[in-house]
Amino acid sequence: MDYFAQQLINGLVLGSIYGLIAIGYTMVYGIVGMINFAHGDIFMIGGFIALITFLILVSFGLTAIPLILLIVLLVSMAITALYGWTVERIAYRPLRHSFRLAPMLSAIGMSFVLINFSQVAQGARVKPVPPIITGGYTLYEGAGGFVVQLSNIQIIVVVTTVVLLGLFTWLVSSTRLGRDMRACEQDQTMASLLGVDVDRTISMTFVIGAALAAVAGMMYLLYYGLVDFFMGFVAGIKAFTAAVLGGIGSLPGAMLGGLLIGLIETMWSAYFSVEYKDVAAFSILIVVLIFLPTGLLGRPEVEKV
Amino acid sequence: MAGRVSATLASPQDSRVPGIAFIFKKALISALVALVLFSLMIGVRTDAGPDGQLTYWTRFGDLAAMVATVFGGSIVVELLRQWWGPVGTVRVVPASVQSGLSLAGRLVAPVLLVFTFLVPVIFYNERYILDLAILVLTYVMLGWGLNVVVGLAGLLDLGYVAFYAVGAYSYALLATNFGLSFWVCLPLAGILAAFWGVLLGFPVLRLRGDYLAIVTLAFGEIIRLVIINWQSLTGGPNGITGIPRPTLFGIPLSPGEDGLAARLGIEFSPTHRIVFLFYLILALALLTNWVTIRLRRLPIGRAWEALREDEIACRALGINTTTTKLTAFATGAMFGGFAGAFFATRQGFISPESFTFHESALVLAIVVLGGMGSQLGVALAALAMIGGFELFRGLDQYRMLVFGMAMVLLMIWRPRGLIGHRAPTVFLRHNQAISADLVNEGRG
Amino acid sequence: MSGDHILSVDRLSMRFGGIVAVNELSFDAERRKITALIGPNGAGKTTVFNCITGFYKPTSGVLRLTHDDGHIIQLERLNDFRISKLARVARTFQNIRLFPGMTALENLMVAQHNALMRASGLTFLGLIGAPSWRVAEQAAIDLARTWLERIGLLDRADDAAGNLPYGDQRRLEIARAMCTDPALLCLDEPAAGLNARESAGLSELLLSIRSDHGTSILLIEHDMSVVMEISDHVVVMDYGVKIAEGTPQHVRDDPRVIAAYLGADEEEAIAVMERGT
């Protein structure tokens with residue numbers, strides 16, 4: 001039971017990270033109707049930028065952890081958002097009204113570019129950082145000496161996720177940009193006729209998605225204490241699985257899916273085998289798509305004859 | 001068409017010829033964006049020091065060079081764009097040029113085929129070229145195999161490498177554990193891969209488009225992860241070594257007494273085996289091509305193409321879309337399995353590293369760049385991609401970077417691939433090609 | 001249950017969530033006759049078609065198809081391709097669904113898929129080019145040629161279907177449905193978008209299909225000139241229920257039908273008619 005409680009906490013933290021990435025997939029899919037294959041790698045770039053910013057700040061002698069975290073968060077969000085914008089501008093916009101396969105391949109190409117750019121620019125080796133945030137709370141001490149712990153970093157990950165999610169929900173539901181995004185999701189032609197700047201709205205979607213992925217990248221760095229150039233690929237597929245599980249196009253769905261995938265992966269590793277945890281995640285993707293193609297919170301699609 | 005033209009322009013003002021100031025401004029913005037993007041990723045380099053502590057140093061020179069490159073590149077691109085006109089412009093080609101081109105087009109395939117047959121004769125002493133030719137032909141075969149699924153049936157498969165892996169491991173395991181010969185294993189590898197194709201096909205039948213793509217991708221990864229982790233069977237990440245080389249119907253191509261060279265009474269040369277492998281993969285690739293061309297003219301092949309065009313209409317005509325999709329998956333997978341068995345026997349060693357998502361993406365890029373459904377296009381695309389990839393071998397770690405950029409640029413340049421038309425499978429009077437603009441890509 | 005009904009629709013209902021698209025609809029289509037299903041937009045006609053041709057599963061009701069040999073098939077128990085393959089019910093679509101990237105001839109060849117699959121020995125005989133396959137293939141091409149000739153598209157046999165003018169596409173879709181050798185042909189607004197001359201040609205084509213092939217036809221149509229000219233029996237629907245049926249003449253004079261079409265209530269419509277319009 002203690003072991004389970006601990007895994008539950010770990011799973012929720014991991015799930016928050018997946019959820020943040022999944023939002024980017026679900027938003028882009030909702031508006032442009034394509035899988036942004038490079039999104040996982042945007043997450044990886046976010047991790048790298050957080051790492052570099054952190055190193056620079058520390059070497060400048062900054063010691064106030066909250067201040068460091070805030071600056072790292074803002075810098076990585078800003079720069080990664082620009083990556084998202086650039087990717088859309090170079091690889092997707094010219095192909096927006098093109099044949100279906102072309103944007104998918106150019107997205108895959110863009111994913112290769114980002115992966116190998118990071119490898120070339122920052123080297124192939126894993127970058128470890130010493131624990132930045134230490135300490136935590138002991139929630140429960142079992143008879144067998146097993147301790148259920150909630151670390152500060154776990155609290156930070158979950159709190160950041162919740163705050164961002166709230167901010168983001170407000171953005172989509174109550175701002176002009178959010179309204180434009182929802183309009184473009186329904187019908188781009190009609191939206192543009194009604195004066196919505198479709199290009200700009202789509203760009204903003206990529207920007208916001210990338211900024212959230214950057215947060216996920218930073219959280220990953222803080223939580224696991226390392227980044228590497230290939231971490232975006234598998235995390236990307238899992239986050240996409242989360243988006244599908246929650247129902248693609250649905251924002252709460254993406255978060256819910258992320259939490260579920262995080263939990264399933266953690267539990268699988270804890271109780272079955274660590275080696276096959278990715279196989280478990282991918283199998284879930286297949287099973288969900290077969291039995292629940294619209295996901296948990298997605299809208300059902302009616303086939304038009 | 002109009003939508004596409006306007007979409008490629010950044011803004012309406014672009015339609016008039018931009019002046020120097022505009023180009024300069026655009027380049028400046030690009031350079032600024034590049035500066036921000038690369039500031040940390042290139043300007044600062046991190047690495048673990050000898051004590052394991054992460055340190056960083058700055059590379060402002062490299063950063064400046066990159067930003068300058070983007071600035072210059074942006075000006076060049078803008079000038080090129082002015083000279084070439086907006087993407088998507090319909091260019092009127094004079095009739096004489098057009099007929100000349102179509103004649104040349106008809107000659108390309110036979111000339112290419114004859115040349116391919118002569119490659120081992122011309123380059124007999126150039127081991128490197130022979131190896132490269134074998135590699136290109138392997139990808140031509142994979143491309144033709146995947147073309148059945150993606151190009152004809154319109155089902156987007158991002159996990160094709162799984163069948164390649166199944167074929168390779170089937171041969172490797174059957175040959176090393178049971179001592180079966182290549183010629184026995186080859187059909188078995190094909191059948192096993194086809195079986196896996198059906199196994200994958202069943203659950204994903206109802207899925208469409210990007211969903212299908214991501215599930216096939218996941219399937220490919222699952223196969224790879226299982227190979228890595230099932231160490232007792234597959235050797236895990238270390239792979240399988242000592243896979244037997246193919247024989248010419250039982251006669252080994254080895255220097256020994258019973259080798260082919262000894263029997264023919266000629267001096268042994270390791271090149272013999274390379275040449276043999278070359279003709280082996282050529283034969284396999286041509287078999288794939290022949291079967292595909294044949295199938296296209298049979299009801300099953302027409303049903304595949306009809307499925308790509310309109311699945312609902314297919315159902316209304318009494319076509320069983322389930323079995324039609326499954327046969328497409330199985331046929332494509334079977335060819336992938338053949339290619340995998342060949343790969344295993346050529347290498348003599350296989351490991352999961354050869355079967356990553358990158359391979360699937362590469363084969364898919366070959367099919368799409370070739371022009372969906374065009375056999376010649378796929379062959380040309382394989383030659384261009386693999387050949388081009390080899391040209392950049394010297395670039396080492398930059399190679400994949402260039403490959404990714406090339407993929408993006410090629411798609412923007414030719415979203416419909418090199419050969420942009422479809423040849424009908426049957427005709428009454430004129431065998432005329434159909435413009436790709438009319439051909440659907442399928443929603444699967 | 002009369003012997004010369006090819007199709008009996010018995011209390012067919014179709015609900016989508018809370019919306020009742022078709023409510024307890026019953027009618028019969030006579031063998032070797034043309035039955036028209038008419039009604040204002042949104043009356044539920046296409047939904048009835050989708051139930052008959054297996055694209056929707058009816059919420060309740062029975063769809064009984066009786067073949068010439070007396071064999072009875074309950075359509076609501078079959079799904080998608082089996083309706084066309086086993087029950088021999090073919091259909092066309094309101095918004096034409098040809099295979100645009102395939103030639104007119106290829107479209108007609110695809111329609112003969114099931115017969116050709118058998119002839120090609122599930123592909124294997126075809127792959128080795130067996131003589132029996134060659135004969136069957138030639139027969140299929142000949143059938144396609146015959147149909148292309150009948151619809152006046154022989155010259156354009158090798159053109160992509162997507163390149164044909166609209167009216168030609170409509171006729172090609174009907175020819176394609178006929179190539180499946182149907183017992184019942186369901187046409188969803190075949191005259192939509194056709195000009196007067198093309199509509200007249202269409203009427204001729206449908207009448208010849210009925211007389212030459214003995215195919216029963218069920219059609220949805222808005223073009224009253226076509227309906228009045230060729231239908232043997234007309235069923236009128238509004239808001240998912242049948243409001244009238246009978247001969248074209250009978251239906252045309254029914255005040256309820258006029259009311260449905262004019263959107264007026266019954267008394268008003270009768271008043272309009274009594275004023276001698």
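The predicted model as a whole scores ipTM 0.86 and pTM 0.85. Within chain A, the mean falls to its lowest value, 77, in strand β2 (residues 136–141), while helix α2 has the highest, at 93. Where pLDDT is low, the predicted coordinates should not be read in detail.

The overall form of chain A was examined next. Chain A contains 11 helices and four strands. Its C-alpha trace spans about 65 × 50 × 35 Å along the principal axes. A compact globule of 305 residues would have a radius of gyration near 19 Å, and the 20 Å found for chain A agrees with this expectation. Of these 305 residues, 52% count as buried. Among the contacts in chain A with a separation of 6 or more, 74% are accounted for by residues 24 or more positions apart.

Chain C was described in the same terms. Its secondary structure consists of 12 helices and 10 strands. Taken along the principal axes, the C-alpha atoms of chain C fill a box of roughly 70 × 40 × 35 Å. Of the 277 residues, 49% count as buried. Residues 24 or more positions apart make up 64% of the contacts in chain C with a separation of 6 or more.

For chain B, the domain assignment gives domain 1 (15–85) and domain 2 (97–413). The centres of these two domains, taken over C-alpha atoms, are separated by 39 Å.

The contact between chains A and B takes 57 residues from chain A and 54 residues from chain B. On the side of chain A that touches chain B, at least two residues each are supplied by α2 (39–59), α3 (65–92), α4 (101–122), β1 (127–128), α9 (231–246) and α11 (277–291). Helix α4 of chain A gives the most to this side, with 16 residues. By residue type, the side of chain A that touches chain B divides into 40 nonpolar, 11 polar and six charged residues.

The largest nonpolar core has 318 residues, and those with the most contacts inside it are Ile281(B) and Ile366(B). Helix α8 (residues 198–224) of chain A provides the largest share of this core, 17 residues. The core also draws at least three residues from each of domain 1 (15–85) and domain 2 (97–413) of chain B. When residues up to four places away in sequence are not counted, Ile366(B) touches Tyr139(B), Gly143(B), Val378(B), Ala381(B), Ala382(B) and Met385(B).

Gly167(B) lies in helix α6 (residues 161–178) of chain B. It is classed as buried because 32 other C-beta atoms lie within 10 Å, where 20 or more are required. Not counting residues up to four places away in sequence, Gly167(B) touches Ala189(B), Gly190(B) and Ala193(B), as well as Gly336(B), Gly337(B), Phe338(B), Ala339(B), Gly340(B) and Ala341(B). Ala341(B) is 174 residues from Gly167(B) along the chain, yet their C-alpha atoms are separated by 5.0 Å.

Thr134(A) is found in the loop between β1 and β2 of chain A. This residue is exposed, because 10 other C-beta atoms lie within 10 Å of its own and the class covers counts of 12 or fewer. The C-alpha atoms of Thr134(A) and Leu70(A), which are 64 residues apart along the chain, are separated by 17 Å.

Terms used. Residues numbered from 1 in each chain as written. Chains lettered and ligands numbered in written order. Predicted model: local features only at pLDDT ≥ 70, side-chain atom pairs only at ≥ 80, totals over all residues. Contact = placed C-beta atoms within 7 Å. Nonpolar A, V, L, I, M, F, W, Y, C, P; charged D, E, K, R; others polar. Core = buried A, V, L, I, M, F, W, Y, C linked by C-beta atoms within 7 Å. Domains from an automatic or database assignment. Rg over C-alpha atoms; globule rule 2.2 N^0.38 Å. pLDDT = per-residue confidence, 0-100.
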